Protein chains: 2
Amino acid sequence: MAGIKFEIHEEIGILSDSSKGWTKELNIISWNGNTPKFDLRDWSPNHEKMGKGITLTNEELKALKNLLNEMNL
Amino acid sequence: MAGIKFEIHEEIGILSDSSKGWTKELNIISWNGNTPKFDLRDWSPNHEKMGKGITLTNEELKALKNLLNEMNL
């Protein structure tokens, strides 16, 4: 992950904790100085290491919310 | 992505379309023959190529739903 700069603008919430201390989080993050986006990703304690994840626009997050509200979870 | 086998069990919905025909989708996918999980990921047309994504358990998706419903989107 060398060379990737990021700044966490807002920590929205934690979806889960793993036994190793990693957390799956929804945040608002600016990657490499770009416009901040929603970001769903696994993180090691204190955000020292990042795992796999996906960025989402506001519209995509709205669409996801609508889908989830239609499901029986 | 050579060597990764996957089977899409259910196509839940599409979050967005890109100009190049890629879609961001929520599906239920079995990776390498394992138990199917929720999967949020970018896909090329007809699921020929996969982009970055993240898998989620049922509990994680519930937590995400609760977070989204608390936000002003």
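A residue is called buried here when its relative accessible area is under 20%, exposed when over 50% and partly exposed in between (1.4 Å probe, protein chains only). The model is a predicted one, in which local features need pLDDT of at least 70 and side-chain atom pairs count only at pLDDT 80 or more, while totals for chains, interfaces and linings use all residues. Residues are numbered from 1 along each chain as its sequence is written, chains are lettered from A in the order in which they are written, and side-chain values use heavy atoms, with hydrogens and water left out.

Chain A holds one helix and four strands, helices being DSSP runs of H or I with at least four residues and strands runs of E with at least two, numbered from the N terminus. Along the sequence they come as β-β-β-β-α. The C-alpha trace of chain A spans about 40 × 35 × 20 Å along its principal axes, and 45% of its 73 residues are buried. A UniProt annotation from an unreviewed entry, "domain: Transcriptional coactivator p15 (PC4) C-terminal", covers residues 19-66 of chain A; such annotations, given in the numbering used here and with shortened feature names, may be inferred rather than shown by experiment. That span is 19% helix and 48% strand, and its end C-alpha atoms lie 31 Å apart.

Over in chain B, four strands make an open antiparallel sheet in the order S1-S2-S3-S4, where pairing takes at least two DSSP bridges between two strands. Strands S1 (6-17) and S4 (50-56) of chain B sit at the edges with a single partner strand each, so one side of each has no neighbour in the sheet. From one strand to the next, the twist averages 25 degrees.

Contact means heavy atoms within 4.5 Å, and angles run from 0 to 180 degrees between N-to-C directions of axes fitted to C-alpha atoms, for helices over the stretch in contact.

Six salt bridges turn up over all chains, each a side-chain nitrogen of Lys or Arg within 4 Å of a carboxyl oxygen of Asp or Glu. One of them links Asp39(B) and Arg41(B), with closest N and O atoms 2.9 Å apart, and both residues are buried.
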